[in-house]
Amino acid sequence: MSETVITRFAPSPTGFLHIGGARTALFNWLYAKAKGGKMLLRIEDTDRARSTEGAILAILDGLRWLELDWDGEPVYQFARAERHREIAERLLAEGKAYRCYAMPEELQAMRDKARAEGRAPGYDGTWRHRDPSDAPEGIMPAIRFKAPQDGETVIEDQVQGRVTFANRDLDDLVLLRSDGSPTYMLSVVVDDHDMGVTHIIRGDDHLTNAARQSQILKALGWEPPAYAHVPLIHGPDGAKLSKRHGALGVEAYREMGYLAVALRNYLVRLGWSHGDAEVISTDEMIEWFDLDAIGRSAARFDFAKLENLNGHYLRAMPDAEIVTQLKALVPDLPDGDALLARIGEEGWTKLERAMPGLKERAKTLIELLDSADYLFARRPLQPDEKARKLLDDAGRETLAALLPTLQAAEPWTPETLETCVRDFAEATERKLGKVAQPLRAALTGRSTSPGIFDVLEVLGREEALARIADQMPQPNA
């Protein structure tokens, strides 16, 4: 019977869940789902100075919003420090590690010398063979791993292929600092082993870490996991992804009005493909996902593609579900409380009725909400600049002439209202646009909107007629 696949997502809580981390979590989640396995979550909070409770909550919330569930309870790395120390002491006892008494200034001198000689900076092994009796008094030692000095360390990577490291380039890394705290490199090896992780899927900036970690695993006699190092995400210009490209927290994408299902679809296509498929359901992702379809070159983040994909999902989403999404989003927006007050209970009903016209034009929930603002506007409306130009003397005179026709419209349906307006335009020898444009400006305060007859219907007879009347030419004082 084959072993159960166990992946893990292991973020450091020193900031938000950024877009690269979200993709890593997604790939781990998909591989576990595709293979009938489990994805575990480990919070690597050993950097006590930079780890924050707020960052932990942001990571958990981001994963939940993306609907990437993990198995079991999150493991907090710092809480396992005693276990990590136990393994360091074991390596020390077996002669596979040693105490290092090098002072900070000595370490800096080693780095400076290496740079001056054109070598990679690293520890020169000073205390590897020195007698412990040479130890200076009052200095607490670090514990360093006794790395192999000859030969090669080979990583058979399921994305990168065979990757070889010369052991002379990998120095004796610290396992325990002089204050007794375990380092990241040791903690990761111990935690992955104890958690039964079978596959490590992460960014290719960890490839050198894989070489170091595999050396520790070999020294401990532990079976190494399968590695899959995924190329990082770059910006559209090919440069390393930065904030100007979109390296934002997942919560920022939510606040910008992107749908979780669209962001998942976009992220899975950053570095992974299945033929020419672009729009891929979550079920299809799980069915198709495998490591051999991950490319070796960096993926490029493109906001325009994300927006177009989001628009596709928005148009396909049931109207009631979009309202549900908006109800969850609005309270978290900067002006959320004020917007909720303006919408009110009746506003949500209007919004759902107006949704067919609204979602055809919008690419994000925020765009949709903005285009729906006319539904919640208080009279008298304050038209924007373009709408004011449409409500000039001629525009308001057209509305004054149209108003009696609309007052007599029965029933108040888009079909009846369209017939009334078209008949009015023909009877008064006006082009339809010359009637519809000032009408749109009076009803919405803008020059663009969903179909004007749908706008009339959703606003309702009383509100629509009152908004038109507000724009009537005023008699001379």
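Start by selecting Glu-82, an exposed residue with a relative accessible area of 55%. You are looking at a predicted model, so every stop on this tour is a computed one.

**Stop 1**

**Stop 2: Arg-162 and Glu-156**

Next, select Arg-162 together with Glu-156. Their side chains meet in a salt bridge, with 2.2 Å from N to O. Is Arg-162 buried or exposed? Arg-162 is exposed, with a relative accessible area of 58%.

**Stop 3: a pair in helix α16**

Move along to residues 414–427, which form helix α16. Pick out Glu-418 and Arg-422, which lie four residues apart, about one turn of this helix. A salt bridge links them, the closest N and O atoms being 2.9 Å apart. Glu-418 counts as partly exposed at 28% relative accessibility, and Arg-422 also counts as partly exposed, at 42%.

**Stop 4**

How many salt bridges does the model hold by the rule used here? The count comes to 32. As background, side chains of opposite charge can pair when their charged atoms come close.

**Stop 5: the largest nonpolar core**

In soluble globular proteins, nonpolar side chains tend to be buried together. In this model the largest nonpolar core has 103 residues. Select Leu-351, Leu-375 and Leu-439, the residues with the most contacts inside it. Then show helix α1, residues 19–34, which gives the most to this core, with nine residues.

Zoom in on Leu-439. Which residues does Leu-439 touch, leaving aside those up to four places away in sequence? Select Leu-399, Leu-402, Leu-406, Val-421, Ile-452, Leu-456 and Ile-468 to see these contacts.

**Stop 6: a second core**

For the last stop, select Leu-40, Ile-143, Val-190 and Val-197. They are among the members of a second, separate core of 33 residues.

Note on methods. Residues are numbered from 1 along each chain as its sequence is written. This is a predicted model: local features need pLDDT of at least 70, side-chain atom pairs count only at pLDDT 80 or more; totals for chains, interfaces and linings use all residues. Side-chain values use heavy atoms; hydrogens and water are left out. A salt bridge is a side-chain nitrogen of Lys or Arg within 4 Å of a carboxyl oxygen of Asp or Glu. Buried means under 20% relative accessible area, exposed over 50%, partly exposed in between (1.4 Å probe, protein chains only). Helices (H or I, at least four residues) and strands (E, at least two) are DSSP runs, numbered from the N terminus. A nonpolar core is a set of buried Ala, Val, Leu, Ile, Met, Phe, Trp, Tyr and Cys residues joined through side-chain atoms within 4.5 Å. Contact means heavy atoms within 4.5 Å.
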